[in-house]
Amino acid sequence: MPKKLNIGMIGYGFMGRAHSNAYANVSHFFDLPYTPVLKAACARDAEKAQAFANQWGYESVETDWRKLIERSDIDAIDICTPNNLHKEIAIAAAEAGKMILCEKPLAMNAEEGAEMVAAVENAGVANTVWYNYRRVPAVTLAKQLIDEGRLGKIYHYRANFLQDWTIAEDIPQGGQGLWRLDAAAAGSGVTGDLLAHCIDTALWLNGSLDSITAMTETFVKEREHALTGKREPVKIDDACAFMGRFKNGSLALFESTRYARGHKALYTLEINGEHASIQWDLHDLHRLSWFDHRDESIVRGWRSIHVTDHDMPYMDKWWVPGLQIGYEHTFVHHVADFLANLGKGESTSPTFRDALETQHVCDSILKSAANGSWEKIPG
Ligand code: SOE
């Protein structure tokens, strides 16, 4: 019989829903040593917190996250707030001995991130950061193929995360939903929000980055602030591109923007190795493209692997081969890994420490863009 793991969820937006869905469904599909219980939902607005709790089946509601953390019936805190609250909540939760599942990016910057790492490591509490795209089965399969050496030496890693939802100048900054445009709440723009996903996946698949040089742009310079009603300077980056070198000698070329008209969430990656190449595209997330130069020349070409067979990562837990899964399942996989690892006393990657490396890369990108410099990644 699995043990119960009582979840205290802070925040009720897009990610609060994605994580709640994962907790609610994981035990139906995975045999695990723990089963999550939706114990309490927390948000400042009591009515909204209650509506969220009713919708997802949380047993109780809190309006002060400190009270939630003090509760002895809560085992794990899930942080789904804007980025500027991650540090304070995570440190308080760690000091109270709670496990922590924190939404990405880890923090506003690496300095904050380092304090959070110290807090969870000193407290010895299980921790993870929700960089969910690692757990798309096709991406996990890419990791397997790379680790098996099938690509040979890696020469190039290319990634993009393109959106187009902030082009209109009359979109305000700040407030619910739009805090991502407010530097005081988000820390940075696309660098921490989108490129951080690409960096997390890249560090996992291809190892650490050594150095980078970057450029950023803020296309709309002023927006009304939802909280003050005044037009205020926009301090986030709307677009960011960087190139760099990985420690394994391969070259990096990354781009993210919210100004690529026609693209809603186009996360693509391509890795070129000595023997073979891989491509993946979030809009077609259940497929992995594979080119192997060792194939006989008359049949050599890109193949599109439909990642649904039961010998492919996570897929034996879902439907029959040929039937695909989607975005929400990546969060289910993350919770499943977290609970399975908890049973073994092991940590679940990306841990706070893993996510701090991504945070260092993001900080270096912003520093390089501001100074026009090449930056060595610290650590
Ligand atoms: C931004 O639009 C956003 O929702 C990110 O915050 C998520 O992390 C990304 O997965 C999808 O886009």
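Analyst: Nine strands make up this open sheet, in the order S16-S15-S14-S13-S7-S12-S11-S8-S17, and the pairing is mixed. Keep in mind that you're looking at a predicted model. The edges are strand S16 (303-306) and strand S17 (374-376), and each of these pairs on one side only. Ignoring direction, neighbouring strands of this sheet are turned by 15° against each other on average.

Let's go through some of the pairings. Strand S11 (residues 239-246) and strand S12 (residues 251-257) run antiparallel and are joined by seven bridges.

Strand S13 (residues 266-273) pairs with strand S14 (residues 276-281) in the antiparallel sense over five bridges, and the two form a hairpin with two residues between them. Leucine 269 stands opposite tryptophan 280 in S14. From S14 the chain makes another hairpin, with S15, and here five residues lie between the strands. S14 and strand S15 (residues 287-292) run antiparallel and are joined by four bridges; alanine 276 stands opposite aspartate 292 in S15.

Tyrosine 314 lies in the loop between S16 and H9, and its phi is near 70°, a positive value in a residue other than glycine. For context, most residues other than glycine have a negative phi, and most peptide bonds are trans.

The ligand is worth a look while you're here. Its surroundings are Phe14, Gln163, Asp193, His197 and Ala265. By class, that shell divides into two nonpolar, two polar and one charged.

Now zoom out. The chain is divided into domain 1 (3-132) and domain 2 (133-376), and the centres of the two, taken over C-alpha atoms, are 23 Å apart. Where they meet, 38 residues of domain 1 are in contact with 40 residues of domain 2. On the domain 1 side, helix H1 (14-29), strand S2 (34-42), helix H5 (110-123) and strand S6 (127-129) each supply at least two of the touching residues. H1 gives the most, with eight residues. That side of domain 1 has 26 nonpolar, 11 polar and one charged residues.

There's another sheet to set beside yours. Six strands form an open sheet in the order S3-S2-S1-S4-S5-S6, and there the pairing is parallel. Strand S3 (60-62) and S6 are at its edges with a single partner strand each, so one side of each has no neighbour in the sheet. From one strand to the next, the twist averages 25°. At the S6 end, strand S5 (residues 99-102) and S6 pair in the parallel sense over three bridges, with cysteine 102 having valine 129 in S6 as its bridge partner. Over towards S3, helix H2 (residues 46-56) lies across S2 and S3, running at about 155° to S2.

Proline 105 is found in the loop between S5 and H5, and the peptide bond from lysine 104 to proline 105 is cis, with omega near -10°.

As for the whole chain, there are 10 helices and 17 strands. Its C-alpha atoms fill a box of roughly 65 × 55 × 40 Å along the principal axes. With 379 residues, a compact globule would have a radius of gyration near 21 Å, and the chain has 21 Å, so the two agree.

Terms used
Residues numbered from 1 in each chain as written. Predicted model: local features only at pLDDT ≥ 70, side-chain atom pairs only at ≥ 80, totals over all residues. Domains from an automatic or database assignment. Contact = placed C-beta atoms within 7 Å. Nonpolar A, V, L, I, M, F, W, Y, C, P; charged D, E, K, R; others polar. Pairing = 2+ DSSP bridges. Near = placed C-beta within 6 Å. Axes fitted to C-alpha atoms, helices over the stretch in contact; angles between N-to-C directions. Rg over C-alpha atoms; globule rule 2.2 N^0.38 Å.
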